[in-house]
Amino acid sequence: MPYAAAGLKQIVMCNKGTLSTTPADPIALGIRKDAVLTINHFKQIEDYRKRKLRNMLNFKLEGETMQPTVFLFKKLLDWLNGNVDLQVVTQNQSASAKDVWKFSAGKELGIDFDWTYNQDGRSCKITFERAFPYSDAVTFTDAADSATAVTFAGITDDGTDLTLFRGANPEKFEKPSGTSLGSSGLITVRSLNIKTENKKSIDNMSLVDNLMIILEMTGREGAIADFVTRLNKGQLDSVVFQEKNGATTYDKFDFNSNVLSQTDEMVINDEERTLKIVLEGRIPIYSVSFLYGASNGGTALDTEGTTGGTIKFGY
């Protein structure tokens with residue numbers, strides 16, 4: 001039997017029902033961390049002799065892109081609950097042959113995502129998963145080594161796009177909106193995390209109604225007066241978290257009042273004296289809206305949020 005080469009060459013998502021025609025709104029993971037496609041048995045049926053019999057096969061793809069944009073966030077919301085086409089292409093298995101998995105036309109996968117901006121960088125971990133009846137799954141798997149990969153407008157190779165790769169660049173962390181939470185030079189931890197909360201269907205597809213949001217900041221401004229100022233803030237103030245993209249562009253996360261609660265902590269020991277604030281809350285997926293263009297973080301011609309934009313929660 002021939003040697004099978006490791007590696008995933010390209011992972012691209014697009015609007016449901018368009019992969020086989022003209023892919024709409026294609027987005028590649030591009031610059032990313034490790035990705036893995038796992039196929040294994042699901043809900044095997046065990047008899048009295050402890051034999052595990054076939055039932056379904058589960059397909060799970062995990063990948064973490066370092067090309068997160070406001071446009072990607074918008075599309076991930078659109079693509080929840082099985083509303084996405086996905087193509088996964090392996091590295092070449094010979095001079096020209098490669099495996100091509102096309103999760104579309106009844107084989108769509110569910111999505112979960114874990115979106116993180118912090119002092120170390122920006123990324124979004126995306127998980128695609130669903131199980132299919134065994135015989136259907138075997139036929140689908142068998143087709144992967146002879147399928148022809150779809151090409152996507154604007155995407156070459158693995159989708160690497162340095163214009164979408166942006167490191168940590170803090171600009172604002174405000175509560176309430178317009179009031180800074182601390183001096184940037186004294187901050188030791190600054191993070192925003194937004195992830196899906198799911199339930200599972202009978203075929204192991206994620207069904208998502210809500211997003212869980214956690215913002216955190218720890219800093220060295222630890223005077224009693226600073227702590228009292230924090231304690232006197234409203235419990236459910238508006239919040240702004242903003243990351244700079246370019247000279248005039250940014251990604252802005254704008255949380256209305258009553259969306260995020262506040263928890264405070266002061267620590268004084270022999271090594272440090274810090275204040276920590278945690279802002280958190282759950283929000284329905286349909287309570288998120290988007291603004292684009294020059295006055296909202298993007299460029300004048302950007303109507304999608306690729307260069308920047310504003311994401312509003314709870315308005």
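Four bridges join strand E11 (residues 170-174) to strand E14, and the two run antiparallel. Strands, like helices, are DSSP runs numbered from the N terminus, with at least two residues (E) for a strand and at least four (H or I) for a helix; two strands pair if DSSP finds at least two bridges between them. The model is predicted, with local features requiring pLDDT of at least 70 and side-chain atom pairs counting only at pLDDT 80 or more, whereas totals for chains, interfaces and linings use all residues. Residues are numbered from 1 along each chain as its sequence is written, and side-chain values use heavy atoms, with hydrogens and water left out.

Five residues lie between E14 and E15, which form a hairpin. Five of the six residues of E14 are buried, so this strand is largely enclosed by the rest of the structure; buried means under 20% relative accessible area, exposed over 50% and partly exposed in between, with a 1.4 Å probe and protein chains only.

An open sheet of eight strands has the order E3-E6-E10-E9-E12-E13-E17-E16, with antiparallel pairing. Its edges are strand E3 (32-42) and strand E16 (261-268); each has a single partner strand, so one side of each is left without a neighbour in the sheet. On average, neighbouring strands of this sheet are turned by 10 degrees against each other, direction ignored. Axes are lines fitted to C-alpha atoms, for helices over the stretch in contact, and angles between N-to-C directions run from 0 to 180 degrees. Nine bridges pair E3 with strand E6 (residues 56-65) in the antiparallel sense, and phenylalanine 42 stands opposite methionine 56 in E6.

Contact here means heavy atoms within 4.5 Å.

Four strands form another open sheet, in the order E2-E1-E7-E8, and their pairing is antiparallel. Strand E2 (27-28) and strand E8 (100-103) are the edge strands, each pairing on one side only. Strand E1 (residues 8-15) and strand E7 (residues 84-90) run antiparallel and are joined by seven bridges; isoleucine 11 stands opposite valine 88 in E7. Helix H1 packs on this sheet as well, touching E1, E2 and E7, and its direction makes about 70 degrees with that of E1.

Overall, the protein has three helices and 19 strands. Its C-alpha atoms fill a box of roughly 70 × 55 × 40 Å along the principal axes. Of its 315 residues, 47% count as buried. Among contacts between residues at least 6 apart in sequence, 71% join residues at least 24 apart.
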